[in-house]
Amino acid sequence: MITHKGKKIDYIEHGEGPAILFIPGSFSTPSAWSAVQKLMPPNYRFISTSLCGYGSTEELRSTDNYGMHNLIDIIETVVAKIGQPVHLVGHSFGGMVALACALSDRFEILSITTFEANPITLIDASRHRHLFEETIKIKDEFEAAFNAQNKDAAKIIIDFWGGDGSFASMPDSVQQYCRQTAYNNVLDWYTALSFRAKADDYAKLSMPVLLVRGAHANTQMVQITKTLQTCIPNQRSVIIGNAAHFLITSHAAECAHVLVDFLNGYNIQ
């Protein structure tokens with residue numbers, strides 16, 4: 001555990017070698033990456049954290065202060081503790097945060113791997129804006145359900161990204177955790193919609209980037225990934241067969257394989 005501005009931040013580390021910082025997404029903790037890490041070779045230094053309001057990381061944000069800088073501060077604090085340049089690996093909202101960190105240029109990043117990163121505003125100004133507008137309707141439905149004290153409000157978001165039945169298929173303990181952290185996800189949406197990086201911004205990224213999505217990703221995710229592919233210069237992309245949004249747990253072996261292959265293929269050490 002480390003601290004930032006008097007607030008606790010998750011910090012879990014094991015192994016020796018090049019440092020890989022794993023960033024989980026919304027409703028998630030460092031345990032989300034456990035299966036992937038166990039299937040990777042041991043010659044890496046694995047570091048895991050949680051974003052604001054999840055795991056043991058305390059919430060920094062409020063409805064009056066929800067900018068992406070809060071999340072970048074968390075990651076920058078973790079990187080300072082690591083004490084060396086890092087490979088960033090993020091899932092979903094954690095992937096968005098990883099990209100935001102790269103665009104902030106506040107610390108040295110060797111490479112970025114994202115599993116279904118969802119910087120949704122990237123498609124706001126494109127010919128696919130209707131997908132952005134559909135997403136806002138889902139977000140508004142979720143927030144209204146949360147404000148109405150619907151205990152399963154999180155189901156709306158989880159099924160949107162993961163597909164119908166995703167929430168119901170989760171273990172009871174995971175469902176309960178999603179219920180407990182629904183407010184933090186409300187803030188995640190505020191943060192995501194305030195993050196307005198455009199294609200020209202992503203075009204300035206120089207580090208190698210791996211974009212991974214599931215074959216059963218929703219339409220929004222497919223278009224976000226395609227847009228990132230067209231504007232990030234040094235990228236490669238992989239689709240995991242039969243996988244959807246929560247691929248880092250459902251298809252951990254495949255995710256570990258593509259991550260290791262990416263690091264080895266670019267000879268990133």
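Alanine 154 makes contact with Phe27, Phe142 and Cys178, leaving aside neighbours within four places in sequence. This residue is found in helix α5. The model is a predicted one. In it, alanine 154 has a relative accessible area of 1%. That is under the 20% limit, so alanine 154 counts as buried. Glutamate 143 lies 11 residues away along the chain, and the C-alpha atoms of the pair are separated by 9.1 Å.

**Helix α5 and its cover**

How many of the nine residues of α5 are buried? Seven are, so the helix is largely enclosed by the rest of the structure. Alanine 154 is one of them. After α5 comes glycine 163, with a positive phi near 105°.

**The largest pocket**

The largest pocket has a volume of about 770 Å³. Its lining counts 39 residues, and those closest to the pocket centre are Ser26, Phe27, His91, Met170 and Phe246. Phe27 is also a contact of alanine 154.

Which helices supply at least two residues each to the lining of this pocket? Helix α5 (154-162) does, and so do α3 (93-104) and α6 (166-169). Helices α7 (172-180), α8 (182-194) and α11 (247-250) do as well. By residue type, the lining divides into 20 nonpolar, 18 polar and one charged.

Most residues other than glycine have a negative phi. Serine 92 has a positive phi near 55°. This serine sits in the loop between β6 (86-91) and α3. Glutamine 149 also has a positive phi, about 65°, although it is not a glycine. Its place is the loop between α4 and α5.

Buried or exposed: what is each of the two? Serine 92 is buried, with a relative accessible area of 7%. Glutamine 149 is exposed, with a relative accessible area of 73%.

Serine 28 belongs to the loop between β4 (19-23) and α1 (34-38). It is buried, at 13% relative accessible area. Not counting residues up to four places away in sequence, serine 28 touches Ser50, Tyr54, Gly55 and Tyr177.

Leucine 103 is in helix α3. Its relative accessibility is 27%, so it counts as partly exposed. Beyond neighbours within four places, leucine 103 is in contact with Phe195, Ala197, Asp201, Tyr202 and Leu205. Take aspartate 201 from that list. It is 98 residues from leucine 103 in sequence, yet the C-alpha to C-alpha distance is 7.2 Å.

Valine 238 is in strand β9 (residues 235-240). At 23% relative accessibility, it too counts as partly exposed. With neighbours within four places left aside, its contacts are Leu210, Leu211, Val212, Arg213 and Val258. Aspartate 105 is 133 residues from valine 238 in sequence and 26 Å away in space, C-alpha to C-alpha.

| Residue pair | Apart in sequence | C-alpha to C-alpha distance |
|---|---|---|
| Alanine 154 and glutamate 143 | 11 residues | 9.1 Å |
| Leucine 103 and aspartate 201 | 98 residues | 7.2 Å |
| Valine 238 and aspartate 105 | 133 residues | 26 Å |

**The chain as a whole**

The chain holds 12 helices and nine strands. Why does its radius of gyration agree with a compact globule? With 269 residues, such a globule would have a value near 18 Å, and the chain has 17 Å. Along the principal axes, the C-alpha atoms fill a box of roughly 50 × 45 × 35 Å.

What share of the 269 residues counts as buried? The figure is 57%. The chain exposes about 11100 Å², and carbon and sulfur atoms supply 49% of that area. Among contacts between residues at least 6 apart in sequence, 76% join residues at least 24 apart.

Key. Residues numbered from 1 in each chain as written. Predicted model: local features only at pLDDT ≥ 70, side-chain atom pairs only at ≥ 80, totals over all residues. Heavy atoms only, no water. 1 Å grid on protein atoms, 1.4 Å probe; cavity = no way out; pocket = protein on both sides within 12 Å on 5 of 7 lines; lining within 4 Å. Points joined across faces, edges and corners; volume = space filled by probe spheres on them. Helix = DSSP H or I, 4+ residues; strand = E, 2+ residues; numbered from the N terminus. Nonpolar A, V, L, I, M, F, W, Y, C, P; charged D, E, K, R; others polar. Rg over C-alpha atoms; globule rule 2.2 N^0.38 Å. Buried < 20%, exposed > 50% of the residue type's maximum accessible area, 1.4 Å probe, protein only. Contact = heavy atoms within 4.5 Å. Areas by Shrake-Rupley, 256 points an atom, 1.4 Å probe, with all protein chains shown as cover.
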